[in-house]
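Q: I'd like to go through this model piece by piece, starting with the helices and then moving on to the sheets and single residues. Could you take me through it?

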Amino acid sequence: MKRTPPVSGTQWANEHYRLASGSSQDEGAWVTLPFQVAILNMMCNRSIRRLAFQKSARIGWSKMLVAAVSCLLHQFKTNTVIYQPTDDDAKGFCIDEIDGAWEEMPIIRRIFPYLNARDQNNTTKKKVGLGWILDILGAATPKNMRRITKAALFGDEVDGWDWELGKEGDPISLARTRLDGAAFPMERWGTTPTNAGESHIEKLMAEMELTFRFYLPCPHCGHEQVLEWGSDETKHGFKWDNKQPSIEKKAKTAHYRCIECEQAIYYRDLLKMEKAGRWMAEDFTWTKDGLEFFDIDNQPVSTPVSVGIHCWAAYNTTMTDGWVGLVREYLTKKNDPAKLKTFVNLILGQLWEGENGDKLDWEQLKARREIWWAGDRKQNPVPDRAVVLTGGIDTQDDRIEMFIWAWGAGEECWLVDHIVRVGDLSSQVLKDTVGKELNNTYKKRNGAEMDVQLWCWDAMGHKTDDVYEMSRKHGVLRVIPIQGENQYGKPIQNFPRKKNSKKVYLTRLGTDGIKQRLYSRLCLTPNGNEPVPGCVHFPMDDAIAGDEFFKQLCSANKKLEHSKSGRQMWRWIKQYHPYDEALDGWNYAYAALNILIQKFGLVLQEPEPVQQKKSSGLSIAELAARLKGG
Ligand SMILES: [Zn+2]
């Protein structure tokens, strides 16, 4: 085989890459679109070690990923691993995206003799070619993260990855160890983002030295700008005529308004603008093709070692309905928070900021309280679909507040009880009273009785020793003292392998991440008895879910702050209500659930619909037996 000098990713793809027949509406030869050129070249550029791509749907990421991997295999024999969120995703990706495309590509036959062969060298997990190996694996399986050494690592849909893999830790760091020892290590991360505060891509983008966005010159005034959705308050961005009578008619008027001259730009102008566009970073480093980089004075600079890229659907020049389609989609989704979140994540490629800076409306939450029991709530406060009960305990100087939550499949949850006991925890009287409440049992409507499997108890402040004492007395694996850490990126819970010097399992919680999770889940509305994963249910009972409860639950809000290094970050602050026990109660109960799942192997599955006497799943002794260490 004659050796030819390597070409750029785009040149390679335009010459060799084909799309799977039948799998896509635009099957056949691949032509890299103007907005894809720099992205694909950067993905294949071996001088760029780290690349994070925060993207929307509909910009051809999966196709570019396969093109980049194929290009590296052919030109550099780069040993590569592609991680998808799960093993099933990996298998599907291999069959739909890789196998289908490779069959259409003559170049692959020359480097991969087993193409089309039923052979152990050509499976959905592993392809062994001439001088290279490609693995396609799920990131949720820790053993997939071990043993293999690679030169290139592609992490796909990373915001669908677990936040941590049990005691193995953060899957991103784990995947990175695959590159140890490689001469030209390359990592490429891409995903549509999820929620701010619990997003891998948010962290990855912040790690990169530069973030590139695509600047397009206005056809009227020439001003270079990135496309932004905008809002009623911004003069620029996507606009439409709201006076039109229907969504369809409004959408038909869709256009972009220039940030400089405020003139209307139409979808038909887009292709020409992109051909003249350039990618620019915060410090005005720019590139047109992802190969040559220049500084603000247009002097050549070396290739950055790590880059972030943001690009979204509005840049796609091949959408059937163009910008009209985007505006139509927005108008049909904007009034439903869950649908709006999908739009923000999938179409805008933006992190969902939960309440988007507005305070959560406690009255709205209260208005959707439900009844899931028969007759007197206290006789059967647990819904039949619950799998486990956990409790969160808030310690105050003059009282103890206990919140008991039921959890079902998909982490759907229901408030079961709220107990307030007044007094000082250092007194034996209060210790005895609370001790009794720890052993409460609660019934389902079908008669099954459940106890609270795990308690997380706030051990901050000067009652620490009393909480430790209660933990030792009522079971160190049943009453877990906790301390919150208000910092993004901290894991939900960090249950230790060993007891501390006071003989308790003091556990640290990442409370900012938990709050973010609760607040994005509060946007989910219940749907009768249908499962709604993540949904938070409140009982129609003023005694435990009255005005004060909801005000406390909605007491926090996020604020943009700047860290010492100048990086922007969201912090949770108490803002709207002086008390926040209800919010902490959910946080602690949720942390308890996470300990049960991650450390004790609890699985949240829909319970069998049969009548049972006792349905609390595994006993604590059985769960504890699964705990390693300590
Ligand atoms: Zn303009």
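A: Let me begin with helix H7 (residues 200–207), whose buried residues are His200, Ile201, Glu202, Leu204 and Met205. A residue is called buried if 20 or more other C-beta atoms lie within 10 Å of its own, exposed if 12 or fewer, and partly exposed in between, with C-beta atoms placed from the backbone. Helices (H or I, at least four residues) and strands (E, at least two) are DSSP runs, numbered from the N terminus.

Q: And what covers the buried residues of H7?

A: The cover includes strand E3 (50–55), helix H6 (171–176), strand E8 (186–191), strand E9 (210–217) and strand E18 (306–311). Here two residues are in contact if their C-beta atoms, placed from the backbone, lie within 7 Å.

Q: Before we go on, what sort of model is this, and how are residues numbered?

A: This is a predicted model, in which local features need pLDDT of at least 70 and side-chain atom pairs count only at pLDDT 80 or more, while totals for chains, interfaces and linings use all residues. Residues are numbered from 1 along each chain as its sequence is written.

Q: How many helices and strands does the protein chain have?

A: The protein chain has 18 helices and 29 strands, and buried residues make up 43% of its 630 residues. Of the contacts in the protein chain with a separation of 6 or more, 69% are between residues 24 or more positions apart.

Q: Back to helices, then: at what angle do H1 and H3 cross?

A: The axes of helix H1 (residues 9–16) and helix H3 (residues 61–76) cross at roughly 95 degrees and come within 10 Å, which makes H1 roughly perpendicular to H3. Axes are lines fitted to C-alpha atoms, for helices over the stretch in contact, and angles run from 0 to 180 degrees between N-to-C directions. Angles under 35 degrees count as roughly parallel, over 145 as roughly antiparallel, 65 to 115 as roughly perpendicular and the rest as oblique.

Q: Which residues meet there?

A: From H1 they are Gly9, Trp12 and Ala13, and these meet Ala67, Ala68, Cys71 and Gln75 in H3. By class, the contact of H1 with H3 has five nonpolar, two polar and no charged residues, where Ala, Val, Leu, Ile, Met, Phe, Trp, Tyr, Cys and Pro count as nonpolar, Asp, Glu, Lys and Arg as charged, and the others, Gly among them, as polar.

Q: What about H10 and H11, how do they pack?

A: Helix H10 (residues 322–333) and helix H11 (residues 337–347) have axes 8 Å apart and pack at an angle of about 150 degrees, and they are therefore roughly antiparallel to each other. Leu326, Glu329, Tyr330 and Lys333 in H10 meet Lys339, Leu340, Thr342, Phe343 and Ile347 in H11, a contact with five nonpolar, one polar and three charged residues.

Q: Switching to H14, which of its residues are buried?

A: In helix H14 (residues 464–474) the buried residues are Asp466, Val467, Tyr468, Met470 and Ser471. They pack against strand E19 (386–395), helix H13 (428–438), strand E23 (449–458) and strand E24 (479–485). Just after H14, Gly475 takes a positive phi of about 115 degrees.

Q: You mentioned E19; is Gly391 in that strand buried or exposed?

A: Gly391 is found in strand E19 and counts as buried, with 26 C-beta neighbours inside 10 Å. Leaving out residues up to four places away in sequence, Gly391 touches Met402, Phe403, Ile404, Val452, Trp455, Ala589 and Ala592. The C-alpha atoms of Gly391 and Trp586 are separated by 8.2 Å, although the two are 195 residues apart along the chain.

Q: And Gln299, where does that lie?

A: Gln299 lies in the loop between strand E16 (293–294) and strand E17 (300–301), and is exposed, with 7 other C-beta atoms within 10 Å.

Q: Last topic: in what order do E11, E12 and E13 come in their sheet?

A: The three strands form an open sheet in the order E11-E12-E13, with antiparallel pairing. Strand E11 (237–239) and strand E13 (264–265) stand at the edges with a single partner strand each, so one side of each is left without a neighbour in the sheet. Three bridges join E11 to strand E12 (residues 255–257), and the bridge partner of Phe238 in E12 is Tyr256. Two strands pair if DSSP finds at least two bridges between them.
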